[in-house]
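The sequence and the structure are shown first, and the account of their main features follows.

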Amino acid sequence: MQEPPIETKRDKELKSRRAHILEAALMSFLEKGYHQTGVRDIAKRAGVSLGNLYNHFSGKHAVLAEIAALEREEFQPFLTELSSDEAPLKVLEGFVRNYLIHLSAPENVILSLEIASEAVRKPDIAKMFLENQNALLDALAVLLARGVKDGCFRLLPNTREAASLILDAMEGKALRATLQTGQTTVDHTELWDFIKNAITCPPN
């Protein structure tokens, strides 16, 4: 098997500079909004020349594509959690708690709103982030189907639709809590009780 190429000092420097530019772009999007942020704003915040920035990204759209790729990496722990072999109800509660914490972070709320706003105008941007959401949706639907098969969840005619409703409820709760109260963490207890009562078999 061919060994992976050795990362040189220059490779590490380029990777570090690219990450720095990306961080500057994220901060600019959060402060000014995606639409109001120009490539020059990103370069200025990153402390690099415009030409240097273009060596790493072809434009603002390419930066957003990279953010979508990073979001997929952020989703990986949740995908791993949902695929756990533990009892479906226990896995689902852990996911609801942990994903709600992620959703409730103010920077994630703001960035989600910015992406949604831009996605309305540019379907290709919507496609990038929907691919991430669909991966999460599929994993949650598989967990629900396993719970139905094991008899711990009631019969759900469409597990993917049920998964979509659960994610919608979580995203809505995180958004309202952050915008209305400025909370950085949201108690998952009430939402979890609602979800559990909706999908589990009623006691005999």
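## Charged pairs

A salt bridge is a side-chain nitrogen of Lys or Arg within 4 Å of a carboxyl oxygen of Asp or Glu. The structure described here is a predicted model, and by this rule the count comes to seven salt bridges. In general, side chains of opposite charge can pair when their charged atoms come close.

One of these salt bridges joins the side chains of lysine 127 and glutamate 131, with a distance of 2.8 Å from N to O. Both residues belong to helix H7, where they stand four residues apart, about one turn of the helix. Lysine 127 is exposed, because its relative accessible area is 52% and exposed means over 50%. Glutamate 131 has a relative accessible area of 44% and is therefore partly exposed.

A further salt bridge is formed by glutamate 31 and arginine 45, whose closest N and O atoms are 3.0 Å apart. Glutamate 31 lies in helix H1 and arginine 45 in helix H2 (residues 39-46), so this pair ties together parts that are 14 residues apart in sequence. Glutamate 31 is exposed, with a relative accessible area of 54%, whereas arginine 45 is partly exposed at 39% relative accessibility.

The domain assignment of the protein gives domain 1 (8-57) and domain 2 (64-198). Their C-alpha centres lie 29 Å apart. At the interface, nine residues of domain 1 are in contact with eleven residues of domain 2.

The size of an interface is often given as the accessible area lost when the parts come together. Here, domain 1 and domain 2 bury about 940 Å² between them, and 74% of this area is on carbon and sulfur atoms. On the side of domain 1, the residues that lose the most area to domain 2 are Leu22, Leu30 and Tyr34, which together account for 55% of what that side buries.

The interface also has a polar part. The count between domain 1 and domain 2 is one salt bridge, and one residue pair is found in polar contact across the interface, both residues being at pLDDT 80 or more.

## The pair of arginine 18 and glutamate 66

Arginine 18 forms a salt bridge with glutamate 66, and the closest N and O atoms of the two are 3.1 Å apart. Glutamate 66 lies in helix H4 and arginine 18 in helix H1 (residues 9-32), so the pair ties together parts that are 48 residues apart in sequence. Glutamate 66 is partly exposed, with a relative accessible area of 24%. Arginine 18 likewise counts as partly exposed, at 28% relative accessibility.

In soluble globular proteins, nonpolar side chains tend to be buried together. The largest nonpolar core of this model has 31 residues, of which Leu92, Phe95, Tyr99, Leu136, Leu140, Leu144 and Met170 touch the most other members. Two or more residues of this core come from each of helix H4 (60-82), helix H5 (88-104), helix H7 (123-150), helix H8 (159-181) and helix H9 (189-199). Helix H7 gives the largest share, eight residues.

Another core lies apart from this one; it has 22 residues, among them Ala25, Ile42, Val48 and Leu111. Within the largest core, Tyr99 is one of the residues that touch the most other members. Leaving aside neighbours within four places in sequence, tyrosine 99 is in contact with Phe75, Phe78, Gln133, Leu136, Leu167, Met170 and Glu171.

Isoleucine 101 is placed in helix H5. At 45% relative accessibility, this residue counts as partly exposed. The C-alpha atoms of isoleucine 101 and histidine 188 are separated by 8.6 Å, although the two residues are 87 residues apart along the chain.

Aspartate 187 has its place in the loop between H8 and H9. With 52% relative accessibility, aspartate 187 counts as exposed. Not counting residues up to four places away in sequence, aspartate 187 touches Leu100 and Lys173. The C-alpha atoms of aspartate 187 and alanine 174, which are 13 residues apart along the chain, are separated by 9.6 Å.

Definitions and conventions: Residues numbered from 1 in each chain as written. Predicted model: local features only at pLDDT ≥ 70, side-chain atom pairs only at ≥ 80, totals over all residues. Heavy atoms only, no water. Core = buried A, V, L, I, M, F, W, Y, C linked by side-chain atoms within 4.5 Å. Buried < 20%, exposed > 50% of the residue type's maximum accessible area, 1.4 Å probe, protein only. Contact = heavy atoms within 4.5 Å. Domains from an automatic or database assignment. Buried area = accessible area lost by both parts, 1.4 Å probe. Polar contact = N/O pair within 3.5 Å; in protein donor to acceptor, adjacent residues only side chain to side chain.
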